[in-house]
Amino acid sequence: MKKCGGEVIVSLILFVAIAGVVYEMIGRSRAAHEFPPHGKMVDIGGRRIQLDCRGAGTPTVIFESGFDWNGSLSWSAVHDEIAKTTRACAYSRAGIMWSDPKDGTQSGKTIAEDLHAVLATAGESPPFVLVGHSLGGPYIMTYTKYFGSDVDGLVFVDAAHPDQNQRFNAIGMLTGSKVMESSIRIGAALNWTGGSRLVVASYKKDPNLSDIDDQAVKSYAPTSLGAMLKEIEASEQTLAEAGSFRQLGSRPVYVLTAMKPLSEEALTQLGLTPDQGRQFQAIWRGMQDEEASWSSQSQHQLVPDSGHSIQFDRPDIVIAAVRSVIEKVRANQDVPH
């Protein structure tokens, strides 16, 4: 009887595993069929990167998402409005959403090189205004470091700071990156089982994200985890690279900082008490002030009713900030050099 019971358990495990594999295969097939890429796929030498450009005019706005699986859809609540003003492009980094994955390190430098190749291959011409959310802030700083002649303005949307880990760790505060890395590593390793797809499907939809875009993001999220893992593994390198370049000259810069009190869930994830949460935000605000100091022509706006993803919580504020930088860049272009 014991042997028979053991065989039943083994059979049950095999059945669940096979069912999970089939569920994941169906999910990937449906994603490709029901949610084709927005814009076009740009070949940059054997790899294709999804690029979605809309509108016309100069400067061209380039949106860089933060550390998430939304890809170009991170900007879906602001993209069309900016495209009414000028050319506006959002894209998905290697391995995220529709873009092909890449081998090797995925650091700020390799991401900047990919973006430069994508824009050049697609025929998108500078000057550019770069808009970066969260880890996208260091990414656009690194792009400016290596391709500065292309960049005439920048917008930081609650952007990461090069020194954030050291400053938070110095006062005994966790940044949550190690916990996040462990979760993503487990999710990526169990992708084939369909488990990650089930978990992601239960996640709450971002505000101002359409139902269809939410479904697309969740359909591709499981296959984006591998690329996200590469980015978080290289995050220290990314921050160090961005930190080696902090002088933006007189380029117009707009810094947006989320100041909504941290939720209980966020405090738990960061391992903080409510008092520590307030201290955390004070340090964050100070670093955002520093980011504004990197340019002689900058503006810093606090957003008290928004969480970290300001582009979803308050897209109107992001739209206004980007348009402000566009206007300043255009005014500068009218001045003889």
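In this predicted model, Gly148 touches Tyr143 and Arg251, leaving aside residues up to four places away in sequence. Gly148 itself sits in the loop between α4 (136–146) and β6. From there you can look across to Leu248: the two residues are 100 apart along the chain, yet their C-alpha atoms are separated by 9.0 Å.

Let's follow the contact to Tyr143. Besides Gly148, Tyr143 touches Ala112, Leu115, His116, Leu119, Phe128, Leu130, Asp150 and Val151, again not counting residues up to four places away in sequence. Tyr143 and Leu248 also turn up together in the largest nonpolar core, which has 54 residues. Both are among the residues with the most contacts inside that core, and Leu51, Met97, Met141, Leu154 and Phe156 belong to that group as well. The biggest contribution to this core comes from helix α8 (residues 211–233), which supplies nine residues.

Next, have a look at the aromatic rings. The model holds six aromatic pairs. A pair of aromatic rings is described by the distance of the centres and the angle of the planes. For Trp69 and Tyr203 these values are 5.8 Å centre to centre and 25° between the planes, and the pair is stacked. Trp69 belongs to the loop between β3 (60–64) and α2 (79–83), and Tyr203 to the loop between α7 (195–201) and α8, so the pair ties together parts that are 134 residues apart in sequence. How do the two partners stand in terms of burial? Trp69 has a relative accessible area of 17%, so Trp69 is buried, whereas Tyr203, at 40% relative accessibility, counts as partly exposed.

Another pair to visit is Phe156 with Trp294. Here the ring centres are 6.3 Å apart and the planes stand at 85°, so the pair is edge-to-face. This pair, too, links distant parts of the chain: Phe156 is in strand β6 (residues 151–157) and Trp294 in the loop between α11 (274–292) and β8 (297–303), 138 residues apart. Both Phe156 and Trp294 are buried. Phe156 also brings us back to the largest nonpolar core, where it is one of the residues with the most contacts.

One last stop involves a charge and a ring. Lys109 lies over the face of Tyr146, at 5.3 Å from the ring centre.

Notes. Residues numbered from 1 in each chain as written. Predicted model: local features only at pLDDT ≥ 70, side-chain atom pairs only at ≥ 80, totals over all residues. Heavy atoms only, no water. Core = buried A, V, L, I, M, F, W, Y, C linked by side-chain atoms within 4.5 Å. Buried < 20%, exposed > 50% of the residue type's maximum accessible area, 1.4 Å probe, protein only. Helix = DSSP H or I, 4+ residues; strand = E, 2+ residues; numbered from the N terminus. Contact = heavy atoms within 4.5 Å. Phe/Tyr/Trp six-rings, centres within 6.5 Å; stacked < 30°, edge-to-face > 60°. Lys NZ or Arg CZ within 6 Å of the ring centre and 35° of its normal.
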